[in-house]
Amino acid sequence: MINKAIFEENWKLIRSGATERWSLMADYDLSKVDKAEVKLDKFVTMLRVKYGYTPEKAREEIGRFWAEFVVKSKVNP
């Protein structure tokens, strides 16, 4: 799982790989997250709508994505 602070701080990095990971996410969808006050909550909602995830599953998937991203890019969380 990823916490809200890490997600918010790293949204631009997460956004850059989001469409590759979640092909149903369009740039239009991500621009809605850009404008959201709480980006993590909005992104979770988008995953729920696009993929039918539960909130818990969406957060797990985001956390998995971030963990893989950190390992690949050596970003400090």
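Tutor: Helices (H or I, at least four residues) and strands (E, at least two) are DSSP runs, numbered from the N terminus. Met-46, for example, is found in helix H4. The model is predicted, so local features need pLDDT of at least 70 and side-chain atom pairs count only at pLDDT 80 or more, while totals for chains, interfaces and linings use all residues. Residues are numbered from 1 along each chain as its sequence is written, and side-chain values use heavy atoms, with hydrogens and water left out.

The protein chain has five helices and zero strands, in the order α-α-α-α-α from the N terminus. Along the principal axes, its C-alpha atoms fill a box of roughly 30 × 25 × 20 Å. Of the 77 residues in the protein chain, 39% are buried (under 20% relative accessible area, with exposed over 50% and partly exposed in between; 1.4 Å probe, protein chains only).

Now the rings themselves. A pair of aromatic rings is described by the distance of the centres and the angle of the planes. The structure holds eight aromatic pairs (rings of Phe, Tyr and Trp, its six-membered ring, with centres within 6.5 Å; planes under 30 degrees apart count as stacked, over 60 as edge-to-face and the rest as tilted). One of these pairs is Phe-7 with Trp-11: the ring centres are 5.4 Å apart and the planes stand at 35°, so the pair is tilted. Both Phe-7 and Trp-11 are buried. The rings of Tyr-51 and Tyr-53 give a stacked pair, because their planes are at 25°, with 5.5 Å between the centres. Tyr-51 is partly exposed, since its relative accessible area is 27%, whereas Tyr-53 counts as buried because its relative accessibility is 18%.

Ring pairs also join into a cluster, whose members are Phe-7, Trp-11, Trp-22, Phe-43, Phe-65, Trp-66 and Phe-69. Trp-11 leads on to helix H2 (residues 11-21), where Trp-11, Ile-14, Arg-15, Gly-17 and Ala-18 are buried. The cover over the buried residues of H2 includes helix H1 (4-9), helix H3 (27-35), helix H4 (39-51) and helix H5 (55-73).

Met-46, in helix H4, counts as buried because its relative accessibility is 8%. Leaving aside residues up to four places away in sequence, Met-46 touches Met-25, Asp-29, Lys-32 and Val-33 (contact means heavy atoms within 4.5 Å). Val-71 is 25 residues from Met-46 along the chain, and the C-alpha atoms of the two are separated by 25 Å.

In helix H5 there is Gly-63, which counts as buried because its relative accessibility is 9%. Again not counting residues up to four places away in sequence, Gly-63 touches Met-1 and Ile-2. Leu-47 is 16 residues from Gly-63 along the chain, with 13 Å between their C-alpha atoms.

Last, the contacts of the whole chain. Among contacts between residues at least 6 apart in sequence, 50% join residues at least 24 apart.
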